[in-house]
Amino acid sequence: MSLAGCGSADAAPQQLVRVTNDDEFAEAGSRVADGGLILIEEGTYHGTLQVSADDVTVRGADRNGVVLDGELETSSGIVGTGERFTVENLTVRNYLQNGVLVTGVTDDSGAGVARGPDGYLPDAAPDPVPGYLVQFVTAENNGLYGIYAFNRTDGVIRDNLATGGSDSGIYVGQCESCNALVENNVMQWSAVGLELANASDVTITGNRIVENRIGITVLSNYLEAHGPTKNTVIAGNVIAHNNAVETPEHANGAFGTGIGIAGTVGAVVTANRIEGNDNAGVSIASSEDFAPADTVIENNAWGDNGLDVAFAPSPTAAGENNCLLDEGLTTDPADMTCDPGPGSYAQPVAPVGVSFAKVPLPPERPGLENVDETPRTLPGTIERPDPVSFDIPDADLLEASS
Amino acid sequence: MRRAIGSALALTAACALLAGCAGGLSEEGEALTPEQAEQLANARFQLSTLDAFVVEVSVGDTDDVEHLAARITVDPTDHVAWGTLSRGPEKLAVDTDIIMSPALYATGGEGAWQAQEWSGEAATLPIVFSLSTDRPENASLLRQSDARFLGTEDDLDVFRLPSEAGDGSAMSRLWLDGNRISRLDTTTGALSIEIDRDTDPAPRPDAVDELTQ
């Protein structure tokens, strides 16, 4: 059943909205019904698809053949604010802000509620919106984030490629208990591959995070609600060679770092392959007055990092119960185990980078095997795997997809 | 790991030297809509896409002996600028050529360049390098900040920038023509920077590279 081009945005919401041109692309979000499907046919589209209905699926007919191009003029490619929102099987590039933004903050909620460094008022934060799935999306050369989940819970981001982000390829932020799973993605050629900020209860597993300036950052701050970030699990990933010069510069000058943990509580780093990061495999620090605490690093494979682990919190937020259980590593302070004193590591000056708009586009990659007209039905909550269930991946994890 | 909104705060901090209150726009302003947040977030990146742009800068009261006026071409990629600096009350001002980078400030010209200290009113001039960034700000976070839409005047949308304290104390305003920066000023009237899009950038003097290497 095709209803494309048969009415205005005032018509009754449709279960299937087919998109074949820019006008239909612009209107599709206002035409789709709760539980409906927006099916985008092959082609290049410009503008923004804004979707507020619940249980909507946005699906490209071909991951590499459906291209949303912001032309460095449009803010975001897809913005979803409804519950249980799915985006899949398309490419989104050249947007000034985000390729795909799944947000719980709308025009009716959330404006002007932060309080900056004096402290956020959690009671004023909008309620999080549950449910999202972003998969088989190629997000390249977007001005902030390729895929951005903000003020959302119960989400899965998997099987995507994110490159050329001037901040990060994938970002999860502002969720007190995100219950989010970031798995089996490739993140490369961005300032940061993956970033979590004030995002608790997130599991990062099975990803290939290579050739960025910094692979993963997990941090806390006062620009978003719900700090500090707690209970991050980083397990079973390849986090390697994050020394790529021809990438956007990191806002804080980071370079050559596998994982940066700043002012978070209860981070677990296990069963990862952390190799070839020229400055530090893992860097642990404070963030503003958020102290690093209860970090556990164990059972990882290490090699050819400048330092394997650097621990350098500020004197006023030194943290406690941080443990490195892997042995035989190069660390600062030396011979780091549990509850170390602060080392002297300082980030070396990073090389000059390139604009996000000038990062080369990656090769095409496989999309959904079957593209049909059935919307996804997302669960009310998601299950995250137990970190003890992971093995250290081979170095070529997802290499064929990178 | 600093959030992108930090660069907007840097612009605010650079204006914070200059205090006071004036203007016919709303003082309190309104919280930003998502569209306004994006408009503000993208503006300085838009300026960075130009090879060079021309600005007119005025620092201090035009009748004051410390008044500075400058007409400068800014290279947003290399972070260098060159042009003419006028010192003193408007009717008595003395002109000199100027070359600037964030680290350098030299006056003179024609083989007689002299490095100067960043001090007094001149210390405000490097703000021209904060007018552009190599990436947009984060609109989602900007909307949660104390940045406000103050209204429309002269067909320009006027925004108060976020403050470091998050308490609405910023005095710097950005005037936008769509996504394009037209003006940066303070509510005090002590600083005004106009983007002159009608004038071609001045040729880059050879001395720029010699002095800024």
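Contact means heavy atoms within 4.5 Å. The legends below describe a predicted model.

**Figure 1. Surroundings of B:Ser101 in the predicted model.** Apart from neighbours within four places in sequence, B:Ser101 is in contact with B:His79, B:Val80, B:Trp118, B:Phe129 and B:Thr212. B:Ser101 sits in the loop between S4 and strand S5 (105–108) of chain B. Buried means under 20% relative accessible area. B:Ser101 has a relative accessibility of 9% and therefore counts as buried.

**Figure 2. Chain B as a whole.** Chain B contains 4 helices and 11 strands. Of its 213 residues, 53% are buried. Chain B exposes about 9200 Å², and carbon and sulfur atoms supply 46% of this area. Among contacts in chain B between residues at least 6 apart in sequence, 54% join residues at least 24 apart.

**Figure 3. A patch of negative charge on the surface of chain B.** The residues gathered in this patch are B:Asp61, B:Asp63, B:Asp64, B:Glu66 and B:Glu90. One of them, B:Glu90, belongs to the loop between strand S3 (80–87) and strand S4 (94–100) of chain B. B:Glu90 has a relative accessible area of 57%, so this residue is exposed.

**Figure 4. The salt bridge between B:Glu137 and B:Arg44.** The closest N and O atoms of this pair are 2.4 Å apart. The two residues link distant parts of the chain, being 93 residues apart. B:Glu137 is found in the loop between strand S6 (114–115) and helix H3 (139–144) of chain B, while B:Arg44 is found in helix H2 (residues 34–48) of chain B. B:Glu137 is buried, with a relative accessible area of 2%. B:Arg44 also counts as buried, at 4% relative accessibility.

**Figure 5. The salt bridge between B:Arg173 and B:Asp185.** In this pair, the closest N and O atoms are 3.0 Å apart. B:Arg173 has a relative accessible area of 8% and is buried. B:Asp185 is buried as well, with a relative accessible area of 7%.

**Figure 6. The salt bridge between B:Glu194 and B:Arg183.** The side chains of these residues meet at 2.8 Å, N to O. Because B:Glu194 lies in strand S11 (residues 191–196) of chain B and B:Arg183 in strand S10 of chain B, the pair ties together parts that are 11 residues apart in sequence. B:Glu194 is partly exposed, with a relative accessible area of 29%, whereas B:Arg183 is buried, with a relative accessible area of 16%. Over all chains, the structure holds 20 salt bridges.

**Figure 7. Surroundings of A:Val137 in chain A.** A:Val137 is part of strand S10 (residues 129–140) of chain A. With 0% relative accessibility, A:Val137 counts as buried. Leaving aside neighbours within four places in sequence, A:Val137 is in contact with several residues, including A:Arg63, A:Val87, A:Glu88, A:Asn89, A:Leu90 and A:Ile147. The C-alpha atoms of A:Val137 and A:Asn277 are 27 Å apart in space, and these residues are 140 residues apart in sequence.

**Figure 8. A network of salt bridges in chain A.** A:Arg59, A:Glu88, A:Asp372 and A:Arg376 are linked in this network. One of these residues, A:Glu88, is also in contact with A:Val137.

Key
Residues are numbered from 1 along each chain as its sequence is written. Chains are lettered from A and ligands numbered from 1 in the order in which they are written. This is a predicted model: local features need pLDDT of at least 70, side-chain atom pairs count only at pLDDT 80 or more; totals for chains, interfaces and linings use all residues. Side-chain values use heavy atoms; hydrogens and water are left out. Patches are made of residues with over 30% relative accessible area and no salt bridge: like charges are joined within 9 Å, nonpolar side chains (Val, Leu, Ile, Met, Phe, Trp, Tyr) within 5 Å. Accessible areas come from the Shrake-Rupley method with a 1.4 Å probe; for residues, only the protein chains shown count as cover. A salt bridge is a side-chain nitrogen of Lys or Arg within 4 Å of a carboxyl oxygen of Asp or Glu. Lys and Arg count as positive and Asp and Glu as negative; His and the chain ends are not counted. The place of a charge is taken as NZ of Lys, CZ of Arg, CG of Asp or CD of Glu. Buried means under 20% relative accessible area, exposed over 50%, partly exposed in between (1.4 Å probe, protein chains only).
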